[in-house]
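Please read it beside the sequence and the coordinates.

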Amino acid sequence: MQVKSEGRVVSITRRQFVGGCALAAGAAAAGCTSHNGNFSFLTPHEAVTLAALCDQIIPADDYPSASQAGVVRYIDLQLTRTYRRHQDAFRAGLAQAESCSVRRFGAAVVTTSPEQQLDTVRMLEQQNRRFFELLRKTTMEGYYGSPRHGGNRDAVSWRMLGLTEPPVRGRARYSFPEKR
Amino acid sequence: MKRVNAVVVGAGAAGGIVAKELATAGLSVALLERGRWYTANDCRKDDLRNQRTTVLGNAFGPEEEGNPRVWVSPRGEATTVLPSDGSYQNNAACVGGGTLSYGAMAWRFLPQDFRMRSTYGVPAGSSLEDWPISYDDLELFYDKAEYEIGVSGDYSGTPLHSPRKRPLPMPPLPPNREFTILEPAAKRLGLHPFHLPMLRNSVPYNGRGPCMRCRWCVGFACEVDAKNGSQNTVIPTALATGNCELRTRCMAKEILVDERGRARGVAYFDERGRLQEQAADIVVVSACAIESARLLLQSKSRLYSQGLGNRYDQVGRNLQGHHYTGAIGFFDHETYDDVGPGASIGVMDYNHGTAGLCGGGLLANEFIRLPIHMVDRMPPGTPRWGKAHKQAMRQYHRRSIVIMGPTQQIPTAEARVLLDPAVKDQWGMPVARIQGNVHPHTFAIGDVQARRAEAWLREAGAIQTARMTGHPDLVEAGQHQAGTCRMGDDPRSSVVNRECRLHDVDNVFVVDGSVHVTNGGFNPVLTIMAVAYYASDALLRAWKGAGLRS
């Protein structure tokens, strides 16, 4: 596609365009809190349920938990992009977690205790392996992946591992003219 | 469209070299590439979206949409897969091909690697065979690749390397911390460790600067252009002759033949999807093992009803790559210094000579360690999630070393590329259908290699180790894909002759990993490059003899 840039027409690829949008979305995510319900795919209730489940995959200790590091934002963003094909699995999996929690503990996931939430995740691991693996995989990606994708807020996991951020030495030292 | 002397399909490792050799000799060349020409500016160093770690997609083509393949499970179930899926077996689709984003190890195969059948015999059910050419036939061309494309490294630590006439053109990069930990341990085990050969500038070379030692190397384009591929060496040289035209985003449809059965050119879809015909005296297919086979199979005509060069049903068979195994070691001290390119030390003591087993492979330390890679590389017994997993990540990310290597696969005729009868790509062409597996003997070797990697790590002081082995149910071809248009003297059991020319059609050449009879226990790219120089040399001699002009 072609866009106007500083008075001249430059070609950009679809990937660059989509990537640019992702960066913009990531920046927006970093600027807002996770409590305002501003999600692309998840409903506000699904988002808090997902946050509780993710926080059992990566709980808080000296370093933030998954949801504190923006993992819900990551998963929500990717569910409208690369992981569009997993939308149904997430919707059904979260509903299953919720109904299981209500059945066993008489309360929604988000209002149960951390021990009960751990039980709920273990139940998912036993009874819905596909969703559990998806939940684990995407939580790890959001936590340990680059902040550019919407998770790993302030590169907190990389600092936890003792890695510099940004990890690409030289990137800041070398600039490239805009490609024509 | 103006007729050219040669049309080359695919601007990767081999296609770039053939285009440069032909254009330099004065032939007019049209170089077709289905992908784009990326620069370092396009390389965003994305940990989840690159050519090696494709969690959110791949970076250098083909695009996710419109380019499916089909893989068939051992139970016969066919699944449509995308370029970012492992079973797609993607290499890359761009100018430079895999060489833009590869790790850039630059191995010469060993003399025995060209004589696997003679050295070991044939495991029952395998299609193990000797190459029709020897290491000696390629030595000159390995040397040419090392000097023209540019290789750094130092073989002086090992007496086991292939015979060579002069050292590599560039010294190795200084050792990183893993090198200093692993080298004395290897020597204590009686092994012969050395600095890996890499298609990477350690000093200024070919007008470009040296590696800046970032560790974001394999899977990414080099942002300082210190990694040497066809896109920054032979292709610019070819274009500078004025004899070569590179056309990007052009997808070959079929090789066209005349009524006498000779090729008359290539039909392709241009970047706007329009069907074009490029007439040529010679057609060179350099599209990588899976797509080269697919193009030949698609080139059906009255005289070649099963596809070009496929009279004896050989095109697409013997698909192979490498079976990667190894081990991870966990240490009680820091082993990680984040100094690239990561992989720095290797041994070739285990490529041949294991009693009862055919071949073996190189062992070397690993290229890149992204946090996402470590998630599933924890000490045995570590929970897969929860607080203990998080703490283990913290404990071991900087205190672990991976040693692994490409075990030479023992090929079978059943591991193959076909045309899928149902699934079509964005141009309406049948996609590659990949099925079958390498010979199980491969896994026996891989398991032994993993135990050797583990022993090396233990000797280096690892307090805990875990072997990395798997016995996948699909041939692991991937970025090392090879074998689908086997080189041989017998037209009934091979596709091209010893000069990479189709047995059936005298003006069509296949020049890429497809022609490898076996794929060595090493990363194959320098051999692909050497074969490209060798085949170009033979082609030009035939051209001067006028046997190729129509």
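Predicted model: local features only at pLDDT ≥ 70, side-chain atom pairs only at ≥ 80, totals over all residues.

Residues are numbered from 1 along each chain as its sequence is written, and chains are lettered from A and ligands numbered from 1 in the order in which they are written.

Chain A has 7 helices and 2 strands; these are DSSP runs numbered from the N terminus, helices being H or I with at least four residues and strands E with at least two. Along the sequence the order is β-β-α-α-α-α-α-α-α. Chain A has 180 residues, and 38% of them count as buried. A residue is buried if 20 or more other C-beta atoms lie within 10 Å of its own, exposed if 12 or fewer, and partly exposed in between, with C-beta atoms placed from the backbone. Two residues are in contact if their C-beta atoms, placed from the backbone, lie within 7 Å. Of the contacts in chain A with a separation of 6 or more, 59% join residues 24 or more positions apart.

Helix 5 of chain A (residues 114–127) has 14 residues, which at 1.5 Å a residue should span 20 Å, and its end C-alpha atoms are 20 Å apart, in agreement. The expected span is 1.5 Å times one less than the number of residues. Gln117(A), Thr120(A), Val121(A) and Leu124(A) are buried in helix 5 of chain A. They lie on the same side of this helix because they cover an arc of only 95° around the axis, the arc being that of the directions from the helix axis to the C-beta atoms. The face turned away from the buried side carries the exposed residues Glu115(A), Gln126(A) and Gln127(A).

| Element of chain A | Residues |
|---|---|
| Helix 2 | 44–57 |
| Helix 4 | 87–105 |
| Helix 6 | 129–144 |

Between the chains, 28 residues of chain B are in contact with 27 residues of chain A. On the chain B side, helix 7 (371–374) and helix 8 (387–396) are the elements that give two or more residues. Helix 8 of chain B gives the most, with 4 residues.

Ala14(B) is in helix 1 (residues 13–24) of chain B. Ala14(B) counts as buried because it has 35 C-beta neighbours inside 10 Å. Beyond its neighbours within four places in sequence, Ala14(B) is in contact with Ser286(B), Val511(B), Asp512(B), Ile528(B) and Ala532(B).
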